[in-house]
Amino acid sequence: MSDVHGNARDLARAGEGADALVCLGDLVLFLDYADHSRGIFPDLFGTENAHRIVELRTARRFEEARAFGAGLWSAIGTDPRTAIEEAVRRQYAELFAAFPAPTYATYGNVDIPGLWPEYAGIGTTVLDGERVEIGGRVFGFVGGGLRTSMRTPYEISDEEYAAKIEAVGEVDVLCTHIPPEVPELVYDTVARRFERGSTALLDAIRRTRPRYALFGHVHQPLARRMRIGRTECVNVGHFASSGRPWVLQW
């Protein structure tokens with residue numbers, strides 16, 4: 001599963017009947033593009049302002065969106081980092097409590113990795129650029145996203161991301177938040193834009209040939225799954241709207 005974005009209700013049932021739950025990040029709901037009344041942003045500034053910032057972002061007018069947001073923060077006189085962290089902490093407390101044991105998780109681009117150790121319980125293993133054996137198969141995890149005009153919390157350079165992919169090496173299942181850089185997998189049909197995928201991830205899939213490559217990030221992709229060589233590539237989100245995990249069976 002990926003892109004939980006605040007859906008704690010369905011998250012609590014997501015692991016039923018499974019040996020383990022794998023979560024590929026984006027737990028936080030900052031702004032729901034389908035329902036502008038949900039998320040940290042409308043809680044702070046109201047639905048009308050949320051609607052406006054979605055319009056600007058969808059039109060790729062990112063500088064205007066940032067200026068609009070800065071004006072809203074200035075008007076309420078609240079430190080953005082403090083207000084956002086408090087809201088994220090409330091969401092993390094609820095979401096991490098809903099994870100079943102065992103859960104294996106990595107970060108999404110809207111997550112705040114520094115807060116995860118405070119909320120991840122004994123049954124939740126957090127991995128980033130690391131490998132773990134689950135059910136006799138080797139899973140590799142790489143979290144976060146690449147840098148974009150959106151400037152979300154956990155965006156890193158292409159070089160840093162590629163280094164984490166390299167550190168994982170050959171695995172049976174390669175788990176990442178973002179997809180490989182393939183047009184059909186990175187294009188969002190509702191947002192009407194190409195999200196950033198990773199060429200390093202695509203190269204690793206072609207070179208190491210894992211059985212599966214699992215990811216999320218793109219909420220309404222042009223293609224939810226495709227084969228690259230012997231590798232089955234699957235977008236396992238958008239859990240926030242579907243409430244259903246993708247089931248991997250051996």
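A residue counts as exposed when its relative accessible area is over 50%, and as buried when that area is under 20%. In this predicted model, aspartate 43 has a relative accessibility of 64% and therefore counts as exposed. Aspartate 43 belongs to helix α2, which covers residues 40-45.

Helix α4 runs over residues 62-76 and has 15 residues. From the first C-alpha to the last, α4 reaches 22 Å. That span is close to the 21 Å expected at 1.5 Å a residue. The buried residues in α4 are Phe62, Ala65, Gly69, Leu72 and Trp73. Viewed down the axis of α4, these buried residues fall within an arc of 95 degrees, so they line one face of the helix. Glu63, Ala67, Ser74 and Ala75 are exposed on the other side of α4.

Backbone geometry was examined next. Most peptide bonds are trans, and most residues other than glycine have a negative phi. The peptide bond from alanine 101 to proline 102 is cis, and its omega is near 0 degrees. Proline 102 sits in the loop that connects α5 (80-98) and β2 (103-105). Glycine 237 and histidine 238 are also joined by a cis peptide bond, with omega about 0 degrees. Histidine 238 lies in the loop between β13 (231-235) and α10 (239-242).

With a relative accessibility of 58%, arginine 151 counts as exposed.

The cysteines were then considered. A search of the whole structure finds zero disulfides. Cysteine 175 is in no disulfide, and the nearest cysteine sulfur, that of cysteine 23, is 11 Å away. A disulfide would need the two sulfur atoms within 2.5 Å. Cysteine 175 is buried, with a relative accessible area of 0%. For cysteine 233, the closest cysteine sulfur is that of cysteine 175. The two sulfurs are 12 Å apart, which is too far for a bond. Cysteine 233 also counts as buried, at 0% relative accessibility.

The second largest pocket holds about 560 Å³ of space. It is lined by 23 residues, and those closest to its centre are Ala18, Asp19, Ala20, Val247 and Leu248. By class, the lining of this pocket comprises 16 nonpolar residues, four polar residues and three charged residues.

Technical notes. Residues numbered from 1 in each chain as written. Predicted model: local features only at pLDDT ≥ 70, side-chain atom pairs only at ≥ 80, totals over all residues. Heavy atoms only, no water. 1 Å grid on protein atoms, 1.4 Å probe; cavity = no way out; pocket = protein on both sides within 12 Å on 5 of 7 lines; lining within 4 Å. Points joined across faces, edges and corners; volume = space filled by probe spheres on them. Nonpolar A, V, L, I, M, F, W, Y, C, P; charged D, E, K, R; others polar. Buried < 20%, exposed > 50% of the residue type's maximum accessible area, 1.4 Å probe, protein only. Helix = DSSP H or I, 4+ residues; strand = E, 2+ residues; numbered from the N terminus. Expected span 1.5 Å × (residues − 1). Arc of directions from axis to C-beta.
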